[in-house]
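Here's a quick briefing to read alongside the model. Keep the viewer open as you go.

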Amino acid sequence: MKKKYLAFEVSEDTSGIFVNKIVEKELSEDIPEGNVLINVKYSSLNYKDALSANGNKGVTRKYPHVPGIDAAGTVEVSNSALWKSGDQVLVTGFDLGMNTNGGFGQFITVPESWIVRLPPELSVREAMIYGTAGFTAGLSVQALLRNGITPEKGVVAVSGSTGGVGSVAVAILAKLGFKVAAISSKEDAISFLKSLGADKIVARNDFEDRSGKALLKPQFAAAIDTVGGNILATLIKSLNYEGVVTTCGMVGGGELNTSVFPFILKGIQLIGIDSVEIPLEKRLSVWEHLASDWKPGQLNNLAHNISLAELPEHIDRIYRGKMKGRAVLEL
């Protein structure tokens, strides 16, 4: 008799409406060569999961589908020389949860090359407090450090600071001794952001520039942008000489309307952050930092646990931009 497991599955009905339900699925006994079956203990909720759950064909082409771009757990069966039963591992990025069934199910089968060994200083739950969002925040912080940004250079701004990437970025930067200006549109977020280590809370409406000026008064040594659109353009114009800004999101728009002046007059650097296809060796160094010297003391303050049954309300919340911090799915 085949083993069964639970999963949160999204399907498209005959009228083109996308619906979700918790289903019982059969565990395949055929693990392809070079693949690994993982017993998922925790996953986490990301904006891309909400897009998949709402039928966005740019994220997921075929349904029924199990979303979840993050997963952490234990190797159940390995058909790979790199992994053995009992290994604690995590998976983020690549095609997980997009067109490959993801972490919103109790088991996943993935290629050996997608898997990262869980650092010993990190629990499976802590790995999913980070998840793709935290990993992206780590890549963003790493980019600032590699380009000479230190606490002595000045304040670092973080846009979308209550979201997954933004909240983790605020906490990591504070751990490293930076003064952080957290930009947010949420009026009730002050205490949450202060608890993560933000020095200053900046209201998005007060910050966003609509004057059309090429340059603004310098305010920040660097910035981590998770929003895109006009917020990113405003950040670029508001950086000190030789400032650095990273960009990883587009909830504020995919267009960037600015001029070359900040780049050619102030030596500004704009660095794109990709967390999906980044090579394994580059992943490992970031995860090692996230498990050790970058790990915020208040990491658990960033997240709350949810169950499969609670996923729909949280998917709706993150889809509407109402989420604060991270929702960790306990499987």
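Predicted model: local features only at pLDDT ≥ 70, side-chain atom pairs only at ≥ 80, totals over all residues.

Residues are numbered from 1 along each chain as its sequence is written, and side-chain values use heavy atoms, with hydrogens and water left out.

**The chain as a whole**

- The protein chain has 9 helices and 15 strands; helices (H or I, at least four residues) and strands (E, at least two) are DSSP runs, numbered from the N terminus.
- For 331 residues, a compact globule would have a radius of gyration near 20 Å, and the protein chain agrees at 20 Å. That radius is taken over C-alpha atoms, and the globule rule is 2.2 Å times the number of residues to the power 0.38.
- Along the principal axes, the C-alpha atoms of the protein chain fill a box of roughly 70 × 45 × 35 Å.
- Of the 331 residues, 53% count as buried; buried means under 20% relative accessible area, exposed over 50%, and partly exposed in between (1.4 Å probe, protein chains only).
- Take the contacts (heavy atoms within 4.5 Å) between residues at least 6 apart in sequence: 70% of them join residues at least 24 apart.

**Helix 8**

- The expected span is 1.5 Å times one less than the number of residues.
- Which residues of helix 8 are buried? They are Arg 283, Val 286, Trp 287, Leu 290 and Ala 291.
- Looking down the axis of helix 8, these buried residues fall within an arc of 135 degrees, so they line one face of the helix. The arc is that of the directions from the helix axis to the C-beta atoms.
- Glu 281 and Glu 288 are exposed on the other side of helix 8.
- The cover over the buried residues of helix 8 includes strand 5 (88-92), strand 7 (116-117), helix 2 (124-146) and helix 3 (164-175).

**Helix 3 and Leu 173**

- Helix 3 is mostly covered, with 10 of its 12 residues buried; among them are Gly 164, Val 168 and Ile 172.
- From first C-alpha to last, helix 3 reaches 17 Å, close to the 16 Å expected at 1.5 Å a residue.
- Leu 173 is in helix 3 and is buried, at a relative accessible area of 1%.
- Not counting residues up to four places away in sequence, Leu 173 touches Val 141, Val 156, Val 158, Phe 178, Val 180 and Ile 224.
- After helix 3 comes Gly 177, with a positive phi near 95 degrees.

- Ser 184 is in strand 9 (residues 180-184) and counts as buried at 7% relative accessibility.
- The side chain of Ser 184 reaches the backbone nitrogen of Lys 186 at 3.0 Å.
- Leaving aside neighbours within four places in sequence, Ser 184 is in contact with residues including Ser 161, Thr 162, Leu 193 and Arg 204.
- Lys 295 is in the loop between helix 8 and strand 14 (303-306), and its side chain makes a polar contact with the side chain of Glu 126 (3.0 Å).
- A polar contact is a pair of N or O atoms within 3.5 Å; within protein, one must be able to donate a hydrogen and the other to accept it, and residues adjacent in sequence count only if both atoms are side-chain atoms.

- The peptide bond from Tyr 63 to Pro 64 is cis, with omega near 5 degrees; Pro 64 lies in the loop between helix 1 (47-53) and strand 4 (70-78).
- Phe 94 is not a glycine, yet has a positive phi of about 50 degrees; Phe 94 is buried, with a relative accessible area of 13%.
- Glu 242, also not a glycine, has a positive phi of about 60 degrees. Glu 242 is in strand 12 (residues 239-247) and is exposed, with a relative accessible area of 51%.
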